[in-house]
Amino acid sequence: MASDGYDFDVLVIGAGPGGYVAAIRAAQLGLKTACAESRETLGGTCLNVGCIPSKALLHASELFEEAAHGTLAKWGVKAQGVELDLDVMHGTRREAVQGLTGGIEFLFKKNKVEWLKGLATFESADTVRVADRTVRAKNIVIATGSSVTQLPGVPVDQQRIVDSTGALEFAEVPEHLVVIGGGVIGLELGSVWKRLGARVTVVEFLEQILPGMDAEVRKESNKIFKKQGFELRLSTKVTGAEVRDGGVALTVEPAAGGTAETLDASHVLVAIGRRPNTEGLGLEKAGLQTNNKGQVEIDHDFRTSVPNIWAIGDVAPGPMLAHKAEDEGIAVAENIAGQTGIVNHDVIPSVVYTMPEIAGVGLTEEQAREHGEIKVGKFPMMANSRAKTNREPEGFVKVIADAKSDRVLGVWIIASLGGTMIAQAAQAMEFGATSEDIAYTCHAHPTHSEALKEAAMAVTGKPIHI
Ligand code: FAD
Ligand code: NAI
């Protein structure tokens with residue numbers, strides 16, 4: 001039973017990693033909970049058209065590349081007549097998505113979360129309309145996520161000019177894919193189609209790819225992608241696109257201005273960022289407005305300026321990452337239930353799932369230097385016995401620690417298993433570890449993770465294997 005006069009104790013709007021997790025935790029805490037979702041399936045961007053399908057294609061394309069381009073042969077595994085069956089690859093991707101989105105539906109039923117199907121719109125601060133139903137909730141959590149940012153002059157038609165959703169669905173391998181934006185999506189989905197045989201050009205407005213990451217990591221990543229055959233056009237902007245003769249003519253010019261030229265592509269992927277979803281939500285009727293980035297502002301407890309309305313995930317400030325949304329989902333439900341839900345926004349790892357993977361947590365070396373004196377330890381994957389044995393020698397681990405306290409401020413990794421290795425760094429930082437704590441923790445041998453231990457040893461100048 002909900003509190004007096006309300007249909008629900010908690011109504012969550014949006015069933016992405018933020019919303020569905022918030023709804024399940026609220027129900028676990030004994031609150032009568034509903035979740036409004038307008039998509040046909042639960043799981044939001046991440047499960048339907050984001051994290052999961054992109055990782056399915058990254059995995060599949062890596063297997064194809066290993067078989068087709070000689071990596072397996074180097075190990076004496078002979079695969080002759082390797083062929084790509086893109087339909088089967090897409091089928092397996094869809095199966096993965098179906099399994100996981102169906103799994104959330106099962107969890108909703110198990111936890112007695114009611115799914116209100118349809119687009120939710122505020123009618124007042126505690127009343128929301130979802131399709132033909134109007135419900136009152138004591139607490140409302142906005143978890144509406146984000147959508148692709150459009151680039152003026154380059155209209156997405158999901159055929160020749162696609163966004164990330166269209167780039168998951170190409171029916172054939174593009175001949176020449178031009179990716180606009182050298183960020184996470186551009187490099188992950190660019191890698192998929194590159195491995196499957198496309199020529200890939202990345203056009204990036206800034207002077208380097210992967211903004212927001214450690215400068216050394218960005219530079220090394222650039223080198224690695226170039227070596228893989230990516231054509232990188234940095235400090236370049238796209239000013240227009242014309243679909244013609246079975247392809248796209250892109251007009252590009254130097255970011256700082258200058259002579260324009262034409263870049264011919266068979267397909268174009270627009271991946272220049274994402275913007276929060278608040279359109280049509282009727283925020284004004286709830287007494288809310290967005291900030292200049294289109295986000296719903298919140299306080300430390302995820303509460304908006306209207307006390308019974310909360311916001312989490314991509315629609316709220318912070319990195320647009322599924323695990324950040326999930327952790328906020330748990331914390332907001334705990335706060336609504338009168339407990340103390342906290343997310344440490346200083347320790348949120350980020351991973352680019354290319355090969356090698358690129359991962360980081362905490363401060364970049366540049367940011368850390370602004371805070372005070374630091375020490376930096378680095379260890380190359382080339383000197384890690386397991387990575388070397390596996391023929392995965394690219395990359396390094398870098399540990400940044402406070403010069404006086406030795407407390408770890410940031411960890412950056414380029415390594416085939418960087419996305420898995422970064423969890424240890426995040427946990428160490430969450431526990432307030434020093435570089436010495438990591439250096440004196442026994443790591444199993446032979447593992448890629450030993451590179452983190454050695455990088456930590458390098459902070460005070462004592463690595464063993466270099
Ligand atoms: P979303 O997942 O966007 O979910 C919001 C939901 O709300 C949507 O389903 C939407 O339909 C629904 N909704 C919106 N408005 C309404 C309304 N008015 N009424 C009812 N329902 C509504 N992040 C990672 O951490 N790792 C990755 O590997 C990763 N890969 C990605 C790959 C791609 C191609 C993309 C596009 C994103 C990726 N992300 C990844 C980012 C990740 O998907 C998002 O950070 C995450 O989904 C945000 O979760 P959320 O719950 O805030 O919102
Ligand atoms: P992004 O912010 O990562 O990268 C966008 C890139 O486009 C930037 O490098 C930016 O400088 C560039 N850019 C912007 N305008 C441009 C223009 N006009 N011309 C050329 N370049 C331009 O955004 P992206 O890749 O679209 O991804 C959106 C978000 O989705 C990410 O920020 C991330 O939070 C999330 N995501 C996370 C993944 C992961 O965790 N592995 C995978 C994919 C997405």
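Guide: Helix α7 is the largest contributor to the shell around ligand 2, giving three residues. This is a predicted model, so what follows describes computed geometry.

Start with the shell itself. It holds 21 residues, and Glu188, Glu204, Gly273, Met320 and Val351 come nearest to ligand 2. By class, 14 are nonpolar, four are polar and three are charged.

Now the polar contacts. The side chain of Glu188 places an N or O atom 2.8 Å from a nitrogen atom of ligand 2. Glu188 is also among the buried residues of α7. A polar backbone atom of Ile185 is 2.9 Å from an oxygen atom of ligand 2. Phe205 also uses its backbone: an N or O atom there lies 3.2 Å from a nitrogen atom of the ligand. On its own, ligand 2 has 840 Å² of accessible area, and the protein covers 78% of that.

Next, the helix. α7 runs over residues 184-195, which makes 12 residues. From first C-alpha to last it reaches 17 Å, close to the 16 Å expected at 1.5 Å a residue. How many of its 12 residues are buried? The count is 10, so the helix is mostly covered, buried meaning under 20% relative accessible area. The buried set is Gly186, Leu187, Glu188, Leu189, Gly190, Ser191, Val192, Trp193, Lys194 and Arg195. Charged side chains are thus part of that set, since Glu, Lys and Arg count as charged. Just after the helix, Gly197 takes a positive phi of about 120°.

Stay with Trp193. At 0% relative accessibility, it counts as buried. Its ring is part of an aromatic pair. A search of the whole structure finds two such pairs. In this one, the ring centres of Phe170 and Trp193 are 5.3 Å apart and the planes stand at 75°, so the pair is edge-to-face. Why does this pair tie together parts that are 23 residues apart in sequence? Because Phe170 lies in the loop between α6 (164-167) and β9 (176-180), whereas Trp193 lies in helix α7. Phe170 is buried too, with a relative accessible area of 5%.

The other pair is Phe225 with Phe230. It is also edge-to-face, at 5.3 Å centre to centre and 75° between the planes. Both partners are buried: Phe225 at 2% relative accessibility, and Phe230 with a relative accessible area of 3%.

Gly166 is found in helix α6. Gly166 is buried, with a relative accessible area of 8%.

Ligand 1 is surrounded by 38 residues, the closest being Glu37, Thr45, Lys55, Ala120 and Ala322. Its shell divides into 17 nonpolar, 16 polar and five charged residues. Several elements supply at least two residues each: α1 (17-28), β2 (33-37), α2 (44-49), α3 (51-68) and α9 (322-336). α2 gives the most, with four.

The polar contacts of ligand 1 use both side chain and backbone. An N or O atom in the side chain of Glu37 is 2.7 Å from an oxygen atom of ligand 1. A polar backbone atom of Gly18 is 2.9 Å from an oxygen atom of the ligand. A backbone N or O atom of Ala120 lies 2.8 Å from a nitrogen atom of the ligand. Taken alone, ligand 1 exposes 1000 Å², and the protein buries 92% of that.

Asn48 is buried, with a relative accessible area of 13%. The side chains of Asn48 and Thr41 are joined by a polar contact of 2.5 Å. The Asn48 side chain also reaches the backbone oxygen of Gly44, at 2.8 Å.

How values were computed:
Residues numbered from 1 in each chain as written. Chains lettered and ligands numbered in written order. Predicted model: local features only at pLDDT ≥ 70, side-chain atom pairs only at ≥ 80, totals over all residues. Heavy atoms only, no water. Near = heavy atom within 4 Å. Polar contact = N/O pair within 3.5 Å; in protein donor to acceptor, adjacent residues only side chain to side chain. Areas by Shrake-Rupley, 256 points an atom, 1.4 Å probe, with all protein chains shown as cover. Expected span 1.5 Å × (residues − 1). Buried < 20%, exposed > 50% of the residue type's maximum accessible area, 1.4 Å probe, protein only. Phe/Tyr/Trp six-rings, centres within 6.5 Å; stacked < 30°, edge-to-face > 60°.
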